Amino acid sequence: MTAGARIGHLVTSGTFSLDGGVWDVDNNVWIIGDDTEALVVDAAHDAEAVAEALGGRTLRAIVCTHAHDDHIGAAPALAARTGAPILLHPDDLPLWKLTHPGRLPDGELVDGRTLTVAGVELTVLHTPGHAPGAVCLYAPALTALFSGDTLFAGGPGATGRSYSHFPTIVGSIRDRLLTLPGDTVVHTGHGGTTTIAAERPHLQEWIDRGF
Ligand SMILES: [Fe+2]
C-alpha cells in the first residue's frame, strides 16, 4: 500500500428512480485518500454526510461509476461545496440528464484514463452493461476494485431496466474484471465487498440463469 493512502467508506440512503418506478436503496460511498487529499467514488444521496467524512481534506474529484440517480444525486451539491470536478463516462450522459439536466459533468472517464490521489493510481475500466457508461476503478496498489453496480457479491448488476443489457455486462465482467488478480477486493455500489477469486467460478451460473 502506498504511504498513507487508505479506503474509507460510508453508506447513504435514499431512492433509485427509473422507468417510472421508485425504490428505497442504501448506497456505498467510497473515499480513497490520505490525510490531505481524497477522491470520492459515487456521491450518493447526501452531500452533507460525504463532506463530513472528508473532513478538511481537499477533494480532487467526484467519480461517478454510472449515472443512475442513486449514485449521482449528491454530486452537484458536493462539487459546489468543494470545487471538485464531477467525472463521468460520456456514454452515460443521457442518464445523467434525466437527473441533472442543468448541470453537466466536468470531465470524462474514458477507458484507460488514470486518476492519481494520495500517490495511488486508479485506472478507469469501461464496463458497460448495467449502464452504457458504467465504469470500474482499478487500484492495484490498494489491491482494490471499485465496481459500482457492474459486479456485486453474488453476481452482475441488474440489467432489467432501460439502458441495460445482460450480454454486454457479462462480456464486461468476463473480459475486464474476472481477468484481474484473484485477491483483488471488490468494493461494490451496494452491499458487501467480495473478491475476484470468490466471484470468478460463478460466471457460467450467471449466464445460465440469465441475470
Ligand atoms: Fe445502478
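These legends accompany close-up views of a predicted model.

**View 1**
H89 sits in a loop. The loop runs between strand β5 (86–88) and helix α4 (93–99). H89 has a relative accessible area of 7%. The residue counts as buried because this value is under the 20% cut-off. Contacts of H89 with residues beyond four places away in sequence are made to L109, V110, H126, G133 and V135.

**View 1**
H89 itself is buried.

**View 2. The open sheet from β1 to β6.**
Six strands make up this open sheet. Their order is β1-β2-β3-β4-β5-β6, and the pairing is mixed. β1 (6–18) and β6 (107–108) stand at the edges. Each has a single partner strand, so one side of each is left without a neighbour in the sheet.

**View 3. The pairing of β3 with β4.**
Strand β3 covers residues 37–41, and strand β4 covers residues 58–63. The two run parallel. They are joined by 5 bridges. Across this pair, V40 stands opposite I62 in β4.

**View 4. The open sheet from β7 to β14.**
This sheet is open and has 6 strands. The strand order is β7-β8-β9-β10-β13-β14. Pairing is mixed. The edge strands are β7 (114–117) and β14 (194–195). Both have a single partner strand, so one side of each is left without a neighbour in the sheet.

**View 5. The pairing of β13 with β14.**
Strand β13 spans residues 185–188. β13 and β14 pair in the antiparallel sense. The pairing extends over 2 bridges. V186 stands opposite T194 in β14. β14 is an edge strand of its sheet.

**View 7**
A search of the whole structure finds 1 cavity of 30 Å³ or more. The volume of the largest cavity is about 40 Å³. Its lining includes F16, L18, H68 and H130. A158, T159, G160, R161, S162 and S164 also line the largest cavity. By class, the lining has 3 nonpolar, 6 polar and 1 charged residues.

Notes: Residues numbered from 1 in each chain as written. Predicted model: local features only at pLDDT ≥ 70, side-chain atom pairs only at ≥ 80, totals over all residues. Heavy atoms only, no water. Helix = DSSP H or I, 4+ residues; strand = E, 2+ residues; numbered from the N terminus. Buried < 20%, exposed > 50% of the residue type's maximum accessible area, 1.4 Å probe, protein only. Contact = heavy atoms within 4.5 Å. 1 Å grid on protein atoms, 1.4 Å probe; cavity = no way out; pocket = protein on both sides within 12 Å on 5 of 7 lines; lining within 4 Å. Points joined across faces, edges and corners; volume = space filled by probe spheres on them. Nonpolar A, V, L, I, M, F, W, Y, C, P; charged D, E, K, R; others polar. Pairing = 2+ DSSP bridges.
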